[in-house]
Amino acid sequence: MWGTPDGHATNQVLTFVASPAKSPPKTHIPPPKSASMPYLYNTPEDVAEMLTAIGAKSIDELFEMVPEDLRFKRPLNLPAAQGEMELEGTLRAMAARSTGVGTKVCFLGGGAYDHFIPAVIDTVAGRSEFYTSYTPYQPEVSQGNLQAMFEFQSLMTRITGLDVSNSSLYDGGSAAAEGVLMALHGSSRDGRVVVAESVHPEYRSAIATYLANLGVEIVTVPTPGGVVDVKQLAAEITPQTACVVLQQPNFFGCLEDADAICQAAHDAGALVVAAFDPISTGILKRPGDYGADIAIAEGQNLGSPLAYGGPYLGIIACRESLVRRMPGRIVGRTTDRRGKPCYTLTLQTREQHIRREKATSNVCSNQALFALRATVYLSLLGPQGLRDTAELCLQKSRYLADELAATDRFELAFDAPTFKEFVVRDREGKVDELIAHGLTAGMLIGVPLGNWYPDLADCLLIAVTEKRTRAELDALVKCLTAKPARTREKPLAATR
Amino acid sequence: MRNTRDTKSLFELSKPGRRATLLPKCDVPARPLGSLLPASVLADLPPQLPELSEPAVVRHFVNLSTQNMSVDTHFYPLGSCTMKHNPKRNERAAAMPGFGDVHPYAPEAAIQGLLELLYDMQQYLSEISGLPACSLHPAAGAHGELAALLVAAAYFRDRGEKRTKVLAPDSAHGTNPASAAMAGFDTVTVKTLKTGAVDLDDFRAKLDDNIAVFMITNPNTVGIFEPSMKIIADEVHARGGLIYLDGANMNAILGVARPGDFGADMQHYNPHKTFSGPHGGGGPGAGPICVTEALAPYLPMPIVRKSSSGQFSLDFSMPKSIGHLRAFFGNTGVLVRAYTYIRAHGPDGLRRVSEHAVLNANYLLSKIKHFLPVPQGERCMHEFVASGADLKATKGVSAMDLAKRLLDYGFHAPTVYFPLTVKEAIMIEPTESESKETLDAFAEVLFRITEEDPELLHEAPHSTPISRPNEVQAAREPVLSWKS
């Protein structure tokens, strides 16, 4: 930062004219009235010297290649610049009118979860050398990123039980769409994709959006009982079906008979794309164990903040035979010219910057920093920590499910066993009222399902992570079964 | 100080019995797993993750970080990537409670402040682009390209038109034809001239009534403002086609020219470039798109709306929308950083950003053109592309050799071998947040390197932890995960 404290002196000369000008600077922008140049170095003297070296009279002259009639003739209609202190105040005032899981007890899930984030992750991801670098086009000065990505890929093969992982995609939803594209490209059967209705509705929407112009039929298999009816699904798998898409545990938190679904798909010659919850692999079979060919996941729950939907982490892994169809960046281990082991981007002939319209995907930027967070998270947890986390989620969510089901007002919507979230039906059908009441009581009680599943308009999807204490679970039951107060209730004290 | 002992693989550092995390005791009555879940879904063992202590994890990753160059530590003139300063106030903003800790399905009533920020962001991006409708949903620039092309496809389908052709210049980013293919279009490449401008004869030869979209990067990838922009837009529109503006190079024209004013119907932004979100070692980015009123009904969902009473809500009732391209709202954390950047600059400040980005690029061009030809000419916008073709012919030194040797001198390399239209391309984008001293030093070092012994350059870099990975071996016998 430079210039006078309020920036006046420096800002006024930024449309500098190389030699002292007799007429005012040739610009339609009036001299700024407040500080607005916090990240520049060039002083008026620098600007003068640079213009002389260029052979230009003014900065305006440098824009002469923009045709006059295409230029923007007025100042942008944006709020005036604010200095750091003032702006922080503005932002904090907005943030104060928004509440997150730091101040409310969170039972929301549906693909994004309030798991604990160890401090080490912020320390590592806050290293400038990680977060202010870019795609490792120059491996000699990017070994840190490359090795971390290689370690991420290695960890992903271990939690998926599959052979190969890439170094990340955008999020679970786009990873689902890329997984389906991979299956379509990897097979001569490109006419149909069969998707279980118990797959995350926004993942299904993303798949439909990606396939909109590719002439592929998407068949959605209904799951009124909360899980796939394997016979019904098998009947939809035609000889032109490239893949079956399932989610385990599914969007409702229920466990599918994944072995049987994979068996049915493979018997009919289709591939299986499985969405999974990385945390669940602490106790549940991995996609590769039950027979999936391509596994995709949302990796937010591996140490990334909720951040209203992103940035998150798309995970994708596959069997060896499909590796050349994999989208996105992949890091490989090799040796350098002196024979030293090292890491580099590899199999790049799949990618857009080489193959252009024939690339496996258009992915360029990915979520490297969030893959790093997941790598640190799993390094900290280790096998026992992951198992303990998964088991706490299971025990606590099942405790809460049973407690709610024991009340007069609620029943479980489905019979199938669940992992860390479950669907309850409000016999009074007043879901919106309950949500508003919960908010007043300091709780985000669950995700309403009516917009996606009209039959479940009286239902809530409730998620329980290892962070929830028994006191919070009991408080939720009490809150949901209390008679709605006529007057505004006093919020419960924050329990954390 | 580099420590290589702790940068051994995580799997080599692992020792059974070590752990860095202690979970609390289960405070609800714990039941046997077998009574809660069927045996068929249970794993025999948890995944084989490495077992490490907390200090081991910290030391490992912190030491790995020291093997990277980054914007905070080095000049990083990677062309087309806009590696500008990443303001720390942006990071603080994104982490604020109320922004950073909000669940994507939080009730709208609980998050009015955040929705207001996102609503404002839609407005700001529309104002800067001159295109009235905005979606913040896409996760990256290429994702925004795909979103916009799907919007175009839906628009034509709605009008009962079957158009299959996308035109893109040969200098376009690889993502352009790749996105077009994913959206179901056939890409036809239009030639560019030596100056970097679109070859109008070739353009007209390939333009017909089958045109859906012309994808143009402007300023283009050689760093010039397309001189025929108006002609191209008018002729594409006359055929009923649409103009897509690849917004990768918006850093050159903030407040100077608006895509909506110079003929674009759609554009994406790269907030992680133009609006200073960090690049994260490869991501995350975000890829918001802006479009004309005619295309607005087809935008991906959801859009933030403001009611007459000042309430903010998400609009999911858009029957013509192309739908989701991902789960949840968007890459909100990146958008909050970009919002902070825009608010730190205001209208005048954003224009100054572009002025100084262009000044810095032209200054560097004026120094470098004396020893490395710049085929596009004497002036540029925010970046320029020098050619190492002469050097290759006379001394056998390649653009890659120059790039690698720059690393020895403590500079990140420019983008090399892109665009494909320039031989031995060296694409340099200094950005506005660099000093004259840095630019002088970079130009001087680059000149010195062109005078060095070619043998020294072929084997460069010499001072980095590793040098020239065997990429052929890496691709031929891929080792893509740790096998213990």
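Student: In which helix of chain A does Ser397(A) lie?

Tutor: This is a predicted model, and every value discussed here is computed from it. Ser397(A) belongs to helix 14 of chain A, which covers residues 368-405.

Student: Is Ser397(A) buried or exposed?

Tutor: A residue counts as buried when its relative accessible area is under 20%. Ser397(A) has a relative accessible area of 0%, so the residue is buried.

Student: What does the side chain of Ser397(A) reach, and with which residues is Ser397(A) in contact?

Tutor: The side chain of Ser397(A) reaches the backbone oxygen of Phe419(A) at 2.8 Å. Neighbours within four places in sequence left aside, Ser397(A) is in contact with Phe419(A), Lys420(A), Phe422(A) and Val464(A).

Student: How many helices and strands does chain A have, and what percentage of its residues is buried?

Tutor: There are 16 helices and 15 strands in chain A. Of the 496 residues in this chain, 63% are buried. Among contacts in chain A with a separation of 6 or more, 72% involve residues 24 or more positions apart.

Student: Which residues of helix 15 of chain A are buried?

Tutor: Helix 15 of chain A covers residues 431-440, and its buried residues are Val431(A), Leu434(A), Ile435(A), His437(A), Gly438(A) and Leu439(A). Just after helix 15, Gly442(A) takes a positive phi of about 85°.

Student: With which residues is Val213(B) in contact, leaving aside its neighbours within four places in sequence?

Tutor: Val213(B) is in contact with Leu149(B), Ala152(B), Lys165(B), Val166(B), Leu167(B), Leu242(B), Tyr244(B) and Met266(B).

Student: How is a salt bridge to be understood, and how many does the rule count over all chains?

Tutor: Side chains of opposite charge can pair when their charged atoms come close. By the rule used, the count over all chains comes to 57 salt bridges. One of them joins Arg92(A) and Glu88(A), at 3.2 Å from N to O.

Student: Where do Arg92(A) and Glu88(A) stand relative to each other in helix 4 of chain A?

Tutor: An α-helix has 3.6 residues a turn, so residues three or four places apart point the same way. Arg92(A) and Glu88(A) are 4 residues apart in helix 4 (residues 84-96) of chain A, and therefore about one helical turn separates them. Arg92(A) is partly exposed, at 39% relative accessibility.

Student: Which residue of chain B forms a salt bridge with Asp234(B)?

Tutor: Lys230(B) does, with the closest N and O atoms 3.3 Å apart. Both residues lie in helix 9 (residues 229-238) of chain B, 4 residues and about one helical turn apart. Lys230(B) is partly exposed at 38% relative accessibility, and Asp234(B) is partly exposed at 39%.

Student: Which parts of chain B does the salt bridge of Glu452(B) and Arg405(B) tie together?

Tutor: The closest N and O atoms of this pair are 2.8 Å apart. Glu452(B) lies in the loop between helix 14 (436-451) and helix 15 (454-458), and Arg405(B) lies in helix 13 (residues 399-408), so the pair ties together parts 47 residues apart in sequence. Glu452(B) is buried, with a relative accessible area of 13%, and Arg405(B) is buried at 12%. Elsewhere, salt bridges that share partners join Glu49(A), Lys367(B), Lys436(B) and Asp440(B) into one network.

Student: How many residues of chain B are in contact with chain A, and what area is buried between the chains?

Tutor: In chain B, 199 residues are in contact with 202 residues of chain A. The area buried between the two chains is about 17,400 Å², and carbon and sulfur atoms give 62% of it. Arg89(B), Tyr105(B) and Leu480(B) supply 5% of the area that chain B buries against chain A, more than any other three residues.

Student: How many salt bridges does the rule find across this interface?

Tutor: It finds 12. One of the salt bridges pairs Arg89(B) with Glu84(A), whose closest N and O atoms are 3.6 Å apart.

Methods
Residues numbered from 1 in each chain as written. Chains lettered and ligands numbered in written order. Predicted model: local features only at pLDDT ≥ 70, side-chain atom pairs only at ≥ 80, totals over all residues. Heavy atoms only, no water. Contact = heavy atoms within 4.5 Å. Buried area = accessible area lost by both parts, 1.4 Å probe. Salt bridge = Lys/Arg side-chain N within 4 Å of Asp/Glu carboxyl O. Buried < 20%, exposed > 50% of the residue type's maximum accessible area, 1.4 Å probe, protein only. Helix = DSSP H or I, 4+ residues; strand = E, 2+ residues; numbered from the N terminus. Polar contact = N/O pair within 3.5 Å; in protein donor to acceptor, adjacent residues only side chain to side chain.
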